[in-house]
Amino acid sequence: MNVLQSVPLALRTISRNRLRSFFMMLGVTIGIASLTALASVGEATKQETMRRFKRMLGTFDVVIINPGGASTRGMPSLTTVPPVLKEEDAKAIASEVSLVRQVATMQFAFDIDVKYGDKTRSPSVMGVSANWAEVRGEDIALGEGITEEDNATMARVAIIGEDLRKEFFTGEDPLGKQIRIADVPFQVKGVLVARGVGPGGASMDNTLAIPVTTASRRLFNRDYFTGMLAQLKDPAQASRAIADITALLRERHGIVPPAEDDFTVTSPQAQVDRITDVGSTLSRVLVGVAVIATLIGGTVIMSLMLIAVSERRREIGVRRAVGASRGDIMLQFLVEAAIVSFIGGLLGIAIGLGGTAIAAALTKLPPAILWGAIGAAAAMSVGIGLIFGLQPAWRAANVDPIEALRS
């Protein structure tokens, strides 16, 4: 008897003992369902985290330079950061760090009233250099962005986010309209492409940008920046670029050991890698729990099959009496265990995919189907059946046919 000849016999046996087969499948089904759902939800969470960070940071080919040391917390604004990053620092980084393509400068301020007609809103107000949109990968949905001429002339112009457009200009063209930022009139010259929500769930579109020179001299009266973006020529060299920028700024700021930096230089890609690594560690722990559940399912298969060997001694004796070898008996029980475990695995995959769809609907995450993980789960279910079916099959093969027929 070969494997193919054993399959119909195994299926008949499974069909005759439905309740026992159900309990044999149950553990494997739960374990494989958990594996499938956890792997898919974990991947969807990772992909969504990457998308939200990219929406917030714009691009990963930059390093971010903020004023304040490593202990600084919260969103940098003109009222919370030390006045250490100046225009001369930006020019020095752009000209002296060979790995840097260009540097964009920014001033952030919050809690500033922006008015249009009788409507008032308090978005984040950004003063930005002309290359800010290019460095961040920002797109303009309507009109045009901040230009070199805007910065050179300290023009009172603004580009607004989608939230402000909806709030102030529903049903009308915002271009050319006058808004008031801290009671200073500005003309709307563009609308940013909507970016949705960030990693924390807050809207990324509740913002507006004005020329950084206008912000620093006509609005905020501050000559320091709350941040810089240094675009790299080669993103793979981010660590080296961070070291070069750090050394340059320490020298420019007169910082000598053991004094700490009065700025921080970070890589967005490194931040995302750290966050996704934490998520991956949690996913690995949960997958480990699911694997243990699957192994427990295999133990249940072995236990119930050992009981079945005792109950089927007469059947084994009859088969041996009509010519079946020990190998045939062993193969029959192994195939039964593998098929039961495989069917349980298929049910688990179906339940896991259903759980993934439900989780995606509840969390608003796009579903991620990992076909590689599903194939591995199916193969694992067969492996579990073969491994845990080995002991019962060995015991069945060694049943004495004469004693079995007398029992």
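**Strand pairing and helix packing in the predicted model**

The model is predicted: local features need pLDDT of at least 70, side-chain atom pairs count only at pLDDT 80 or more, and totals for chains, interfaces and linings use all residues. Residues are numbered from 1 along each chain as its sequence is written, and side-chain values use heavy atoms, with hydrogens and water left out.

Helices (H or I, at least four residues) and strands (E, at least two) are DSSP runs, numbered from the N terminus. Two strands are taken to pair if DSSP finds at least two bridges between them. β1 pairs with β11 in the antiparallel sense, over 4 bridges. β1 also pairs with strand β12 (residues 263-266), again antiparallel and over 4 bridges. Here proline 67 has phenylalanine 263 of β12 as its bridge partner. Buried means under 20% relative accessible area, exposed means over 50%, and partly exposed lies in between (1.4 Å probe, protein chains only).

Strand β11 (residues 227-232) also pairs with β2. That pairing is antiparallel and runs over 6 bridges. Glutamine 102 has glutamine 231 of β11 as its bridge partner. Strand β2 spans residues 100-109. 9 of its 10 residues are buried, so β2 is largely enclosed by the rest of the structure.

β2 is joined to strand β5 (residues 124-128) by 4 bridges, and the two run antiparallel. Glutamine 107 stands opposite glycine 127 in β5. Alanine 109 stands opposite valine 125 in β5. β5 pairs in turn with strand β10 (residues 207-211). This pairing is in the parallel sense, over 5 bridges. Glycine 127 has isoleucine 210 as its bridge partner in β10. For β5, 5 of the 5 residues are buried, so the strand is largely enclosed by the rest of the structure. Ser124, Met126 and Val128 point one way from β5, while Val125 and Gly127 point the other way. All of these residues are buried.

The helix packing was examined next. Two packed helices are described by the angle between their axes and the distance between the axes. Axes are lines fitted to C-alpha atoms, for helices over the stretch in contact, and angles run from 0 to 180 degrees between N-to-C directions. Helix α11 (residues 326-363) packs against helix α12 (residues 371-397) at an angle of about 150°, with the axes 7 Å apart. That angle makes α11 roughly antiparallel to α12. Angles under 35 degrees count as roughly parallel, over 145 as roughly antiparallel, 65 to 115 as roughly perpendicular and the rest as oblique. The α11–α12 crossing is right-handed. A crossing is right-handed if the near helix is turned clockwise from the far one by less than a right angle, and left-handed if anticlockwise. By class, the contact of α11 with α12 has 19 nonpolar, 5 polar and 1 charged residues. Ala, Val, Leu, Ile, Met, Phe, Trp, Tyr, Cys and Pro count as nonpolar, Asp, Glu, Lys and Arg as charged, and the others, Gly among them, as polar.

Helix α1 (residues 3-16) also packs against α11. The angle is about 65°, and the axes are 8 Å apart. This crossing is right-handed. The α1 side of the contact (heavy atoms within 4.5 Å) includes Val3, Leu9 and Thr13, and the α11 side includes Gln332, Val335 and Ile339. The residues of the α1–α11 contact divide into 10 nonpolar, 3 polar and 1 charged.

Glutamine 332 lies in α11 and, at 1% relative accessibility, counts as buried. Leaving aside residues up to four places away in sequence, glutamine 332 touches Leu9, Thr13, Arg312, Glu315 and Arg319. Glycine 345 also lies in α11. Its relative accessible area is 0%, so glycine 345 is buried. With the same exclusion of residues up to four places away, glycine 345 touches Val28, Ile32 and Ser381. Threonine 363, in helix α11, counts as partly exposed at 45% relative accessibility. Threonine 363 and threonine 45 are 318 residues apart in sequence and 9.6 Å apart in space, C-alpha to C-alpha.
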